[in-house]
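Student: Could you help me learn to read this structure?
Tutor: Gladly; let us look at it together.

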Amino acid sequence: MHKPLFTPRNNYEIYLVNRFTVHNLLHHIIYLAQTTHHITVDTESDLFTNRPALIQIEFIQEKLSTIILVETFHLPIDEQSLEFWLIRSIFKYILQPNKTIYCWGDAEEEFKKFLIYRLYTDDILKVPYMVNIQDKFKRWHRIEIGYYETSMNKWGLQMAIYVIYNEFLDKTQRLNIWSRGLHRRNNKEDDDKILSMIYYATNDCLSVTKLAVTIHQLIIRKEKRKHMAMNNTNTKHIPSLHEQYHQYLQNYISKSTKEQQQSNCDNLLTIRPFQPLKSFRICPIHHLTSLEHLLPIVELCHSTQKFSIDIERKFETQQLILIKIELVQVEQVESIVLYLEVLNLFLLDTPLFLVVQKLLKNIFLPWKKIIIWSNENKEDLQALVQYKFLSESILNDTNIMELQAPFKQWYHKTFKHNVNCKVPSSDKEDSCCCTCPYRPYKNMNDKWALYKAINHVFNEFVSKSYGSHINYLQNIIYSVHRCLAVTKLSNVIELDWTMEQLHQFKKCHQE
Ligand SMILES: [Zn+2]
């Protein structure tokens, strides 16, 4: 007899946290840790040795929960490194008095097992409000049916899920070597095994959350996002993470006792998720797209004058896989982003091919304006010639504006060297002597990466490259965000925003 498999109550995304996790992602997780009030935790230890190896944390949100799997065997080796500090910051914000932590069992005991990794200290484990769902469930169920079904014994999570939802929570991966590392190996057998371990670890959190809601221990409301940094309108400049880390090191070295000052500084540790200028719709184009779906888009491209384009290569092979084109229409409330899957190619001269060709010809016209981040991206557009969508001459006649260099100019003009910097503020170039923390590049030939530009101008997170995420849909959204980020930055450059305008924009849109 097959029981239906366990289904979580909400959608979710999963991230691995280890020494290879990129900074931007860690900033994003810190942001979640700051703004989420309801959290479920679970942990896993290795089979045979019983070494604590994995901490699972669910940041519970109404629509999309985020689950992080902290691989404690694979933390950064240097405890004074920025990476280690960022990971420690996640726990710092979780273990706060305004947080409620749900666990199947005693969360404090679970956390204690991991003290050896020095991600947090013993004394702050009593700070958050911890709810033992295993105990609460037992009491709730007794009231529901009138007696203790398990008598003196504790409830198993699998049994509770079965009794309440008639669903099967698969526990076969529980006894495992969790310290092996959960990254992909590009070997089907290993990857299947790892994937089922990840799902087991994730479901152990999601199932506790689901029960917590059912037994009324958890009421999920839309989280009101607090923007601590933005509340203080006197703050002219929000310290970047580089500055804050610098401050942390200073305090560490001087063993300063000015704890208040430190905590004020940490409150400013805010990197937001990327916010496009307006909401958007994604229009996927591949060999299965229907013609009826595409024809109105062809017309729309005809009437649109401005486009932002971003191109994606596969990280491992550098193979070109995606072209994303945003139709920038000022008068529309919503943007449309074409999501052209180059790998799922169209056969030459099929009706679909001809329609896509027509669509692209409506975009690549001499009087239209196309914005692209870098010169490399511009060269990537040659693929359209290669695949016979456009001719060489059409592409050459198009007005393609590269944003990277003008952005650098604007940034230098707007974020001048500060008074403490050895480089005089009249000197606009990057220099190896520069100590300004908000100027990440120190060589005058360095080129700005798109994600860094968004990060430094708007304090927002866009992921760096395609496919860094386990969740397929999330990869698509992040990828589209990179295209929308080009539009957002092009606005700043074209209108030549001052620091004051930027500040006003953030005040209006990020609070
Ligand atoms: Zn400087």
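Student: Let us start with burial: are Cys421 and Cys436 buried or exposed?
Tutor: Buried means under 20% relative accessible area, exposed over 50%, partly exposed in between (1.4 Å probe, protein chains only). Here Cys421 is buried, and Cys436 is too. Keep in mind that this is a predicted model, where local features need pLDDT of at least 70 and side-chain atom pairs count only at pLDDT 80 or more, while totals for chains, interfaces and linings use all residues. Residues are numbered from 1 along each chain as its sequence is written, and side-chain values use heavy atoms, leaving out hydrogens and water.

Student: Which atoms coordinate the zinc ion?
Tutor: Donors are N, O and S atoms within 2.8 Å of the metal (3.2 Å for Na, K and Ca); water is not among the atoms, so sites may look incomplete. In this case, His417 (ND1), Cys421 (SG), Cys434 (SG) and Cys436 (SG) coordinate the zinc ion at 2.1 to 2.4 Å. Along the sequence, these donor residues follow the spacing H-x3-C-x12-C-x1-C.

Student: What is the geometry of the zinc site?
Tutor: Four donors count as tetrahedral if all angles lie between 85 and 135 degrees. The angles among the four donor atoms are 102 to 115° here, and the site is tetrahedral.

Student: How much of the chain is buried?
Tutor: Of the 511 residues in the chain, 52% are buried.

Student: And how many helices and strands does the chain have?
Tutor: Helices (H or I, at least four residues) and strands (E, at least two) are DSSP runs, numbered from the N terminus. This chain has 18 helices and 14 strands.

Key. Four donors count as tetrahedral if all angles lie between 85 and 135 degrees; four count as square planar and six as octahedral if opposite donors are over 155 degrees apart and all others between 65 and 115; anything else is irregular.
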